[in-house]
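Welcome! Let us look at how the words used for a protein structure follow from computed values. Here is the structure to explore.

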Amino acid sequence: MKKLWIMLLCAMVLMTTAACGACKPADTKAEDKQEAKEDDTEYEEFNRFGLFYELPKGTTEKEGDDGVISYKYEDNNLSVKAYKKDAPLTEDIATGFAGSFGNIIEEVKEVEVAGNTGYQCKVGSDTFNYGVTIVEAPQYFVTFIAFRLGDGDHDYSEFYYPIIKSIRVDESEEFVEAEEETSDYYVKGDTAVTEECTIKIIGHKVLKPGQGENAYGSDTVILFEYDMTNTSGEEMTAAVEWPIIVQAVQDNSSDTVNTLNPTVLMGDNTAEIKLQKIKEGGTVHCTDAFVLSDTTTPVQLIFANGTMGEELGTMKFEIK
């Protein structure tokens with residue numbers, strides 16, 4: 001009797017195994033069919049802001065008055081916007097962009113997009129979740145912001161990530177030439193070129209009270225040594241132009257811009273030179289100092305193009 005039961009159990013196991021084997025090819029075909037369906041998705045290419053990228057065919061495109069390009073595909077939405085690029089893309093810059101689109105930045109990670117370093121962020125708001133990718137194009141920083149409308153399901157990933165993977169840089173002649181163009185007035189490296197003059201920073205040093213040119217001072221100061229060349233077309237003085245063009249700040253406050261106060265050093269041997277008139281095309285060698293608010297935070301020199309002129313750029317100096 002026991003042998004009979006064993007034989008029956010073996011027969012049942014063999015039947016079950018055979019049945020499972022019969023089901024397996026059907027499951028494989030279903031998976032292959034699903035993959036084929038995804039591969040059959042047709043895309044069309046768009047070219048904006050020096051970037052090419054692909055979206056599913058049937059996507060509608062709309063250009064807004066604020067420069068935002070909006071795309072809609074079913075319940076999926078994508079907004080693309082360009083911003084002026086005046087510095088290399090960093091995580092701080094990317095986080096600033098991402099924070100403007102929602103209440104909570106849930107994640108920031110560095111990614112490679114179109115051969116360049118980009119940043120991908122997840123942002124939460126009261127109603128939706130957003131995906132934000134910041135890409136560096138020839139002339140701009142470009143943000144790609146995705147979200148999904150609809151009841152309940154706000155997952156935009158199947159729509160969004162293939163778009164980001166498809167991004168490539170437009171290397172056509174007009175964008176290459178535009179990238180190389182520069183304004184007449186700019187800050188680059190250690191040189192600021194303004195409408196009135198050119199300032200080249202030769203060096204800087206931090207002086208404690210009683211030290212060097214700060215022999216009679218009671219505060220720690222940072223002293224900048226520079227050459228100023230007159231390009232205004234008329235006579236000018238460094239004593240007038242430097243404070244108009246240059247502002248020094250230490251970014252050590254979360255609420256306010258900490259502008260440093262200029263100071264006159266008793267040991268400054270260029271004081272008289274700064275008061276002398278500089279001829280057209282002439283160059284003078286000068287120094288100017290600012291009182292530090294702390295001795296660790298780097299100092300940034302912000303250059304403007306004359307009184308009430310546009311900001312041209314900044315130079316950053318470590319405290320040492």
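A residue counts as buried if its relative accessible area is under 20%, and as exposed if that area is over 50%. Please keep in mind that this is a predicted model.

Q: What makes up the protein chain, in terms of helices and strands?
A: The protein chain has 6 helices and 19 strands. Of its 320 residues, 35% count as buried. The chain exposes about 19500 Å², and carbon and sulfur atoms supply 50% of that area.

Q: Are F46 and Y53 buried or exposed?
A: Both F46 and Y53 are buried. The cut-off for that word is a relative accessible area under 20%.

Q: Why is the pair of Y53 and Y71 called edge-to-face?
A: Here the angle decides, because planes over 60 degrees apart count as edge-to-face. The rings of Y53 and Y71 have 90 degrees between their planes and 5.9 Å between their centres, so they pair and they are edge-to-face. Y53 lies in strand β2 (residues 51-56) and Y71 in strand β4, so this pair ties together parts that are 18 residues apart in sequence. Both Y53 and Y71 are buried.

Q: How do you know that the charged end of R168 sits over the ring of F52?
A: One part of the test is a distance: CZ of Arg must be within 6 Å of the ring centre. The charged end of R168 is 4.2 Å from the centre of the F52 ring, and it is listed as sitting over that ring. The other part of the test asks for a position within 35 degrees of the ring normal.

Q: How do you know that strand β4 pairs with β5?
A: Two strands pair if there are at least two bridges between them. β4 and β5 (residues 76-84) are joined by 5 bridges, so they pair, and they run antiparallel. Y71 stands opposite L78 in β5. The two strands form a hairpin with 2 residues between them, and E74 in the turn has a positive phi of about 55 degrees.

Q: What joins strand β3 to strand β4?
A: There are 4 bridges between β3 (residues 60-63) and β4 (residues 69-73), which run antiparallel. E61 stands opposite Y71 in β4. This hairpin has 5 residues between its strands, and G67 in the turn has a positive phi of about 85 degrees.

Q: What is the order of the strands in the open sheet of 3 strands?
A: The order is β15-β18-β19, with antiparallel pairing. β15 (246-250) and β19 (311-317) each have a single partner strand, so they stand at the edges, and one side of each is left without a neighbour in the sheet. The twist averages 25 degrees from one strand to the next. Between β15 and β18 (residues 299-304) there are 5 bridges, and Q247 stands opposite I302 in β18. Helix α5 (residues 238-245) packs on this sheet, touching β15 and β18, and its direction makes about 45 degrees with that of β15.

Q: Why is Q250 called buried?
A: The relative accessible area of Q250 is 0%, which is under the 20% cut-off, so Q250 is buried. Q250 lies in strand β15. Among the residues that Q250 touches are N258, L260, L292 and I319.

Q: Why is A114 called partly exposed?
A: The relative accessibility of A114 is 29%, which lies between the 20% and 50% cut-offs, so A114 counts as partly exposed. A114 is found in the loop between β6 (104-113) and β7 (116-124). Its phi is positive, about 55 degrees, although A114 is not a glycine.

Conventions. Residues are numbered from 1 along each chain as its sequence is written. This is a predicted model: local features need pLDDT of at least 70, side-chain atom pairs count only at pLDDT 80 or more; totals for chains, interfaces and linings use all residues. Side-chain values use heavy atoms; hydrogens and water are left out. Axes are lines fitted to C-alpha atoms, for helices over the stretch in contact, and angles run from 0 to 180 degrees between N-to-C directions. Contact means heavy atoms within 4.5 Å. Buried means under 20% relative accessible area, exposed over 50%, partly exposed in between (1.4 Å probe, protein chains only). Rings of Phe, Tyr and Trp (its six-membered ring) pair if their centres lie within 6.5 Å; planes under 30 degrees apart count as stacked, over 60 as edge-to-face and the rest as tilted. Accessible areas come from the Shrake-Rupley method with a 1.4 Å probe; for residues, only the protein chains shown count as cover. Lists of a residue's contacts leave out its neighbours within four places in sequence.
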